[in-house]
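Dear colleague,

Please find below the structure that I am handing over to you.

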Amino acid sequence: MRSMQKIAVVEVLKIPAFRSLWLSQIFSQTAINLLTFVLALRVYHLTGINTTVSVLTLSFIVPQALFGLLAGVLVDRYDKKVTLFLCNSIRAAVVLLFLLTSEALPFIYLLAIFISLVTQFFIPAEAPIIPTIVSKKELLTANGVFTLTIFISMLAGGLLAGPLLDLFGLDKTFVFIFGMYLLASLWITQIPGQPIRSVLKRRTKYLSNWTNWANLLDGETIIKIKKEFLEGKDYILTHAKVSLSLSLLIGSQTVIASVSTLLPGLADKVLHRPVNDVSIMLLGPAILGIVLGTVVVSQFGKKLKLSAAIATGIIFVAINLTLLGLTDRLIFVQIFLFALGFSNALIDVSANTILQTNTAEEVRSRVYGVLTATGGMVFIIPVIMTGALSDFMGVRNVFFLSGVLIFILFFFKIRKRLMIL
């Protein structure tokens, strides 16, 4: 039997800086996913309409499209450790505002937009730290652990949403999420780098002089931001592997966002189950599949050809979406959702590794900013369409048509592009 020292995941978690980042990720990712699912269940309870859940999803997505690119440029200019700390602390404070009311949809949408806006600065600061704290040979495993944790956090957030609401009620659930963000901020302080207190003290002193506020966006700064943005865009356009991996990640995340939007309606209209059971009954199998797929790629990815893993993942995503449109039995729905999650993980981890290994460190945050912003713009149409079409023609038909569409895209467009990887 192999000793624990030979297990790649254990080895990468022995790195103190990565372990601190990972623990922070656990709390922050679980918090945002728990909040997302709690709000989705709340909105569906208030209206019973899939389209309103789509609007909530858009409340999280639209800020990506509007501010993701700018956020990526700005994050490259400042200390990423401090940025992560501030983002978690601000999101903790905003969560408490949900205690004021949970009955008004506009208020829920507004706070969701603000949470998402802050998150746009968090995303391009988090993942680009990884290559700076692990060696190149450990990067695939570190990315796998990071991606695995994202989906485990989705699982934890999804599984906790219904039971916490049933056990503690809405307000205490918001307080629980607030505490998770505070713990995430605490672990960020353990990452090597400049002391957060001294950086914040220096920046606060600088900004206490009102004349310095104008310097944040003076003509010279705007020119620099524009230049850095264009450099990031040109970098993507001139590096085929980077642009393709970005496209694959966006496609993978679009599938997750669209399927998540349909789950409350799938439980209610097709399976005739309580909506609060969505997290355990439907989301659980999907994310368990993602977790298993991520573990497989993380542990054995060095022996796999990443382009083959991506192609396999796309084909089976299409197959399982199509099959979801052909059944109304719970056990088969759970099996297909599990397989869908596994297939999606093959795409996500492989594409993320290709992206990081082919992107220069000095533009990495800007590239992730492009991923966030472009993803936000691309998500809008599928999320609106899946919600609206499911209310019009039924959830099962939307799953079936989505699977067929992915089949067509793969065989007529995507398959040839994968040859460059």
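In what follows, contact means heavy atoms within 4.5 Å. The model is a predicted one.

Leaving aside neighbours within four places in sequence, leucine 266 is in contact with Leu271, Leu282, Val333, Val395 and Phe399. Leu266 is also among the residues with the most contacts inside the largest nonpolar core, together with Leu56, Phe174, Leu282 and Leu337. That core has 85 residues, and helix α12 (residues 240–270) gives the most to it, with 13 residues.

Turning to the aromatic side chains, the count comes to four aromatic pairs. One of them joins phenylalanine 98 and phenylalanine 174, which are stacked, at 5.1 Å centre to centre and with 20° between the planes. This pair links distant parts of the chain, as its members are 76 residues apart: phenylalanine 98 is in the loop between α4 (80–97) and α5 (105–126), and phenylalanine 174 is in helix α8 (residues 170–188). Both phenylalanine 98 and phenylalanine 174 are buried.

Why does the pair of phenylalanine 332 and phenylalanine 336 count as stacked? The ring centres of phenylalanine 332 and phenylalanine 336 are 6.4 Å apart and the planes lie at 20°; pairing requires centres within 6.5 Å, and stacking requires planes under 30 degrees apart. Phenylalanine 332 and phenylalanine 336 are four residues apart in helix α15 (residues 330–357), and so are separated by about one helical turn. Phenylalanine 332 has 35% relative accessibility and therefore counts as partly exposed, whereas phenylalanine 336, with a relative accessible area of 15%, is buried.

Elsewhere, ring pairs link Phe407, Phe410 and Phe411 into a cluster.

The largest pocket has a volume of about 1200 Å³. Its lining is made up of 40 residues, and those nearest the centre of the pocket are Ile250, Gly251, Thr254, Val378 and Leu409. At least two lining residues are supplied by each of α11 (219–238), α12, α14 (306–324), α15, α16 (364–393) and α17 (395–417). Helix α12 provides the largest share of this lining, 13 residues.

With kind regards

Key:
Residues numbered from 1 in each chain as written. Predicted model: local features only at pLDDT ≥ 70, side-chain atom pairs only at ≥ 80, totals over all residues. Heavy atoms only, no water. Phe/Tyr/Trp six-rings, centres within 6.5 Å; stacked < 30°, edge-to-face > 60°. Buried < 20%, exposed > 50% of the residue type's maximum accessible area, 1.4 Å probe, protein only. Core = buried A, V, L, I, M, F, W, Y, C linked by side-chain atoms within 4.5 Å. 1 Å grid on protein atoms, 1.4 Å probe; cavity = no way out; pocket = protein on both sides within 12 Å on 5 of 7 lines; lining within 4 Å. Points joined across faces, edges and corners; volume = space filled by probe spheres on them.
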